[in-house]
Amino acid sequence: MTTEFKIIGFTDKVNECDCCGKTELKGTYCIYIDGNEFYYGSTCASNTIKVSSDDIKKEVKKIELEKSINEMVLNAKFEYQQNKVFKLAIKKGITKVEFLLKYGEIVDVMNTEKCYQYGSFNSYISN
Ligand SMILES: [Zn+2]
């Protein structure tokens with residue numbers, strides 16, 4: 001059986017490593033190992049998942065960006081704000097298609113393509 005790892009995020013609220021017991025860490029990475037939650041310092045996290053600590057940092061950045069965009073999408077009720085969220089997401093490296101597929105509303109269907117809309121932005125995307 002292979003062990004499954006999933007990085008959930010970084011927290012400065014837990015300062016002790018569940019792996020080696022080291023304390024007074026600046027923060028720990030929250031990791032799911034086979035569905036159980038653990039808090040590991042960066043060295044133990046990187047050794048356990050066998051991913052470089054730079055890659056873990058990158059992954060956490062991605063997760064946090066996604067979280068903040070999810071939040072902004074939920075809060076953006078008006079077209080003006082929706083457009084602002086859309087533009088910001090694009091600026092942060094999310095593609096127009098990715099964004100529209102995830103947050104857009106289907107406003108039209110044409111054969112193999114669906115028109116996704118978010119704010120005043122829309123695009124026909126094929127399935
Ligand atoms: Zn440790």
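Predicted model: local features only at pLDDT ≥ 70, side-chain atom pairs only at ≥ 80, totals over all residues.
The cores come next. In soluble globular proteins, nonpolar side chains tend to be buried together. Here, the largest nonpolar core has 10 residues. They are Phe10, Cys17, Tyr29, Cys30, Ile31, Tyr39, Tyr40, Cys44, Ala45 and Ile49. Leaving aside residues up to four places away in sequence, Tyrosine 40 touches Cys17, Asp18, Cys19, Thr28, Tyr29, Ile31, Ala45 and Thr48. There is also a second, separate core of eight residues. Among them are Phe86, Phe99, Leu100 and Tyr116.

Helix H3 was examined in more detail. H3 covers residues 79–91, 13 residues in total. At 1.5 Å a residue, H3 should span 18 Å, and its end C-alpha atoms are 18 Å apart, so the two values agree. The buried residues of H3 are Val85, Phe86 and Ala89. These residues cover an arc of only 100° around the axis, and therefore sit on the same side of H3. The face turned away from this buried side carries the exposed residues Tyr80, Lys87 and Lys91. Cover for the buried residues of H3 includes helix H2 (53–75), helix H4 (96–103), strand E5 (113–118) and strand E6 (121–126). Glycine 93 follows H3. The phi of glycine 93 is positive, near 105°.

Note on methods: Residues numbered from 1 in each chain as written. Core = buried A, V, L, I, M, F, W, Y, C linked by C-beta atoms within 7 Å. Buried ≥ 20, exposed ≤ 12 C-beta atoms within 10 Å, placed from the backbone. Contact = placed C-beta atoms within 7 Å. Helix = DSSP H or I, 4+ residues; strand = E, 2+ residues; numbered from the N terminus. Expected span 1.5 Å × (residues − 1). Arc of directions from axis to C-beta.
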